[in-house]
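Please open the structure in a viewer and follow the stops below in order.

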Amino acid sequence: MPPEMILPNKQDFAADQPDTEGAAAAAPLQPVPFRGGGFVARPRRIIAPLLFIVLIALWEIGSRTGVISPISLPAPSEAAGALADLVTTGMLWKHLSASLFRLSAGWTLGTLLGVTLGLAIGLSSTVRAGLAPLVAALFPIPKIALLPLFIVWFGIGEGSKVATILFGTFFPTVIATYAGVDNVDRNLIRMGQSFGLSWRSIVRKIIVPGALPSILSGFRISASIAIILLVAAEMIGAEFGIGAYILMAGALYAIDQLIAGVALLSVLGLTVAWLIGRTEKWLLAWRA
Amino acid sequence: MQLIARSITHAYDTVEVLSDVSLTIGDAEIVCVVGPSGCGKSTLLRLLGGLERATSGSVLISGSPPADSLNPLTYIFQDFALLPWRTVAGNVSLVLEDHAMAAGRRAAIIADVLARTKLAEFAAAYPRQLSGGMKQRVAIARALAVNPAVMLMDEPLSALDSQTRELLMDDLVDLWTDVRFSACYITHNLAEAVRLGHRIVVMSRRPGRIRDVVEIDIPIAERAGRGKELSEIQDRLWNLMREEARAADREITDAA
């Protein structure tokens, strides 16, 4: 380093102020290197569909050239053919409507009961003391394991299938709801009390909206659980439904149909996630 | 209406935070309470408004509040306590919705208090869109909407930067000149205390006791131009507090 960079010249001391222009003239100018880039998520809309198309295309090419044996994995065009068959025979709607009914009935009931009990646990110390440990004990039980029991209780028909989804969505919703109530800013509640708001008003206008973000992220989890349980429940004693279709395809070793069924489930999951995303945007617009 | 605290002592578990505090807030009087951090100022305020129960002693009201007062003891919080999911007008509306009144009357009250706090054009904004000073103005508008007899202000300007604080202090002075509210004003900022207080109550560190009460005769509206006298009073207050503040600073805290 040249000495004039360390020691300012005498005139600078005399002026009692750094002479920036003089210093700049003395040394060559260099830009400060930029090192702040990266680590920020930016939307790249084209990449996901592009990757998807490339993967499918590679798969199709692999199947046609014989790199992928048709026994281990059928070509995507064959799976699409199976899907087209479903549409032309009219079976698609039959399977889909049966599944959608079970899914919406089970999820709606489970969610309604879950939010209700979650609010009760969040608002009442007595209910919390009694039921929170019970919920914690029952939550980790795989509901699929209870399916035979549900068949005995609710019958082999729709009852046991809806009940499986109901119980599967109930527990995560309870936990998300009362965690949400616990996380409501205590100062807001105190503010409500200090203005003499009624208990009902505090619950309706402060606690429920404050817990809503947590409740809605609970919905995301419970919806995925509902789809997983839907397929499991439809594998026992169901004539129609996406799960029954997949099970049948597996039993017949019709892998093209199996893949078509799995693709349907994936689309169903994406649709539900999109719907919940829209709901969040609408109900939590204040967060922005 | 007067708000009277009669020999209040308060303890959390075994930690005594207030010891034998007696205080009267008279009509149209602003009483500032200053003291080192952790001296129980905020606890005192919560006791005064009935948000907590004192271990011993009592908080009393003498006389009856004005007939049109919807919430005689009304708080203004340091962190504003605005509902983020409601607009400015919605936040003011919140505290009126539990009182039976015609929708037109409610709208008129909201419009009036927003105009008085210079917020009329922000009625549809959400709290996240507002600066700290504007948020506290909303909280003040909300308090005015219920026509309080006594305002209980818990460090209302402490979360604001010093320029905004000056502006809001001027606004509070104008508001007091206009409405003549009475208030218990908690602060650790002595400049605020000498600008706004008729009386300044100096508290000791924990357990909080009243160390001294300083009266300021200068009318509140004239204080802006009499900085020299005010800074003398401020120095006197600081001399009263200095040792306490130093000792409080070196304390190990285990209670809120």
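**A guided tour**

Begin by selecting Thr173(A), which is buried, with a relative accessible area of 1% (buried means under 20% relative accessible area, exposed over 50%, partly exposed in between, with a 1.4 Å probe and protein chains only). This is a predicted model, in which local features need pLDDT of at least 70 and side-chain atom pairs count only at pLDDT 80 or more, while totals for chains, interfaces and linings use all residues. Residues are numbered from 1 along each chain as its sequence is written, chains are lettered from A and ligands numbered from 1 in the order in which they are written, and side-chain values use heavy atoms, with hydrogens and water left out.

Thr173(A) belongs to helix H9 (residues 158-182) of chain A; helices are DSSP runs of H or I with at least four residues, numbered from the N terminus. Leaving aside neighbours within four places in sequence, Thr173(A) is in contact with Thr111(A), Gly114(A), Val115(A), Phe219(A) and Ser222(A) (contact means heavy atoms within 4.5 Å).

Next, select Arg128(A) and Asp182(A), whose side chains meet in a salt bridge of 2.7 Å, N to O. A salt bridge is a side-chain nitrogen of Lys or Arg within 4 Å of a carboxyl oxygen of Asp or Glu. The pair links distant parts of the chain, with Arg128(A) in helix H7 (residues 125-138) of chain A and Asp182(A) in helix H9 of chain A, 54 residues apart. Arg128(A) is partly exposed at 27% relative accessible area, and Asp182(A) is partly exposed at 35%.

Move to chain B and select Asp171(B), which forms a salt bridge with Lys118(B), the closest N and O atoms being 3.0 Å apart. Asp171(B) lies in helix H5 (residues 162-179) of chain B and Lys118(B) in the loop between helix H3 (103-116) and helix H4 (132-145) of chain B, so the pair ties together parts that are 53 residues apart in sequence. Which residue forms a salt bridge with Asp171(B) at 2.9 Å? It is Arg137(B), with that value separating the closest N and O atoms. Arg137(B) is in helix H4 of chain B, 34 residues from Asp171(B). Asp171(B) counts as buried at 19% relative accessibility, and Arg137(B) is buried at 14%.

Finally, select Lys205(A), Arg86(B), Glu97(B) and Asp98(B), which are linked in a network of salt bridges. Over all chains, the count comes to 19 salt bridges.

How values were computed:
Helix = DSSP H or I, 4+ residues; strand = E, 2+ residues; numbered from the N terminus.
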